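These are my notebook entries on a structure that I looked through element by element. The model comes first, and the entries follow.

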Amino acid sequence: LFQGRSRATAFACITAGTGAAALTPVPYGIVLDMAGFRVAFLISASFFALLLVLSRTIPDVKGVETLRFDTIGFLLSSGGLFFVLMGVALIPTHGLLLASRTASLSFWGISPCAPLLSIGSGMLFAFIHHEKMREAQGAPALMPSVFFSSAAARHALVAVAFPFFLSGSMNIAVIPFMQMVANATAIESGLLLACAGMPMIALAVGIPRFAPKAPAKAVIRIGYVTGAAGMAVIAWAMARPDPLMLTCIGMLVAGAGMGTVNSQANNAMATAVGEKNAPQSGGIQGTARDIAHSLSTALVGAMLSFFLAHSFGIAIQPAIAIDSTSRLDISSEELTLMDDESFLGMLDTIELDGEAERTVLKAYQDARTHASQLVLMALSAGTICLILFTSGLPSAPLKLPR
């Protein structure tokens with residue numbers, strides 16, 4: 001539908017829509033606090049019905065050759081992603097190699113996660129090989145080799161996925177913590193997400209508009225550093241008595257980082273693969289965004305569970321008020337991120353006196369904060385490491401055909 005500079009404008013609008021999605025929790029928070037979940041789901045259903053109606057206004061693309069659908073490639077790619085994401089998602093409850101105590105499924109004491117990850121990875125490697133064979137035969141490929149053989153395309157794809165990975169991570173690691181520890185309401189939680197969404201929209205659209213000659217590589221690197229700084233600020237805020245204000249600042253900084261990266265990522269991708277493959281890059285970018293968001297949910301959830309169990313085990317060791325039997329009973333419980341009331345309810349089956357119960361609760365509170373901070377610092381460090389995946393990006397301003 002769009003060519004040349006109009007494609008750049010279209011990408012900017014898509015980016016703005018991505019940031020605008022982060023603002024929806026504010027009105028939904030108001031609806032939830034005032035009317036409940038039924039009304040919220042009714043509004044969502046009405047919105048998607050409206051989208052279905054509006055989709056009829058999308059014009060058909062004329063002059064485009066109809067290609068034969070690559071069924072084998074579709075099955076390999078979708079199946080591989082399913083098994084990989086399922087394997088990552090089950091790690092907190094089933095373990096990576098050996099099955100955990102809470103595993104509902106195991107094979108001779110082996111966790112299903114490792115086989116799932118192995119099968120998924122094998123299918124994805126087979127998909128790449130299959131696509132190369134189709135290209136060699138002159139057949140159309142779902143993912144042309146230029147998307148993974150070109151360093152510029154690979155690094156641009158990382159930049160495309162980054163805002164969605166970070167956004168999904170914050171939904172898991174930041175918002176639930178603020179609701180449990182700082183007693184953030186649905187409206188306040190929505191406002192926190194809006195703090196990330198507003199600078200994301202402004203910079204994603206504003207940088208191409210007001211700084212069109214900015215070098216893509218430098219802009220994306222600045223975005224990574226800014227996003228990492230935002231995560232570090234939020235991690236620091238979590239240990240404060242009243243973390244909401246500092247968290248808001250951290251979300252603003254993280255949102256600025258995501259918007260800065262997003263301002264260049266989409267066009268960098270289209271430029272890297274050339275005009276011939278640029279139309280196909282839109283679908284691959286969308287897939288990368290969806291995968292990044294799903295992977296962030298699974299990966300951050302697994303990290304939280306691991307760090308929480310490890311931190312709680314360390315925090316409870318010095319507690320002399322707890323006898324060895326009770327300590328063993330407590331350690332056998334499967335810990336998840338929960339509020340104080342839910343944690344105490346989990347301990348109802350364990351006989352603890354008042355002092356021991358307070359000691360265990362304090363250990364859990366410390367572990368909850370420490371685990372959340374470790375996740376955010378890991379995300380911050382990982383974001384800084386993404387600078388290593390920018391060498392293939394253009395150092396000069398992106399040149400788009402007129």
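I began with the surface, where a patch is made of residues with over 30% relative accessible area and no salt bridge, like charges being joined within 9 Å and nonpolar side chains (Val, Leu, Ile, Met, Phe, Trp, Tyr) within 5 Å. A salt bridge is a side-chain nitrogen of Lys or Arg within 4 Å of a carboxyl oxygen of Asp or Glu. I took accessible areas from the Shrake-Rupley method with a 1.4 Å probe; for residues, only the protein chains shown count as cover.

Entry on provenance. The model is predicted: local features need pLDDT of at least 70, side-chain atom pairs count only at pLDDT 80 or more, and totals for chains, interfaces and linings use all residues. Residues are numbered from 1 along each chain as its sequence is written, and side-chain values use heavy atoms, with hydrogens and water left out.

Entry on the surface patch. I found F47, F48, L50, L51 and L54 forming a nonpolar surface patch, with about 500 Å² of accessible area together. L51 lies in helix α3 (residues 37–54). I noted L51 as partly exposed because its relative accessible area is 39%, between the limits for buried (under 20%) and exposed (over 50%), with a 1.4 Å probe and protein chains only.

Entry on confidence and fold. The mean pLDDT (the predictor's confidence in each residue, from 0 to 100) is 79, and 78% of the residues score at least 70. Confidence is lowest in helix α12 (residues 324–331), with a mean of 51, and highest in helix α10 (residues 216–237), at 94. I counted 14 helices and 0 strands, taking helices (H or I, at least four residues) and strands (E, at least two) as DSSP runs numbered from the N terminus. Of the 402 residues, 43% count as buried.

Entry on α5. Helix α5 (residues 113–136) has 24 residues and should span 34 Å at 1.5 Å a residue; its end C-alpha atoms are 35 Å apart, which agrees. The expected span is 1.5 Å times one less than the number of residues. Among the buried residues of α5 I listed F127, H130, E131 and R134. G138 follows α5 and has a positive phi, near 80°.

N183, in the loop between α8 (175–181) and α9, has a positive phi of about 55° although it is not a glycine. Most residues other than glycine have a negative phi. N183 is exposed, at 58% relative accessible area. In α9, I located a kink of about 25° centred on A194, the bend being the angle between axes fitted to the seven residues ending there and the seven starting there.
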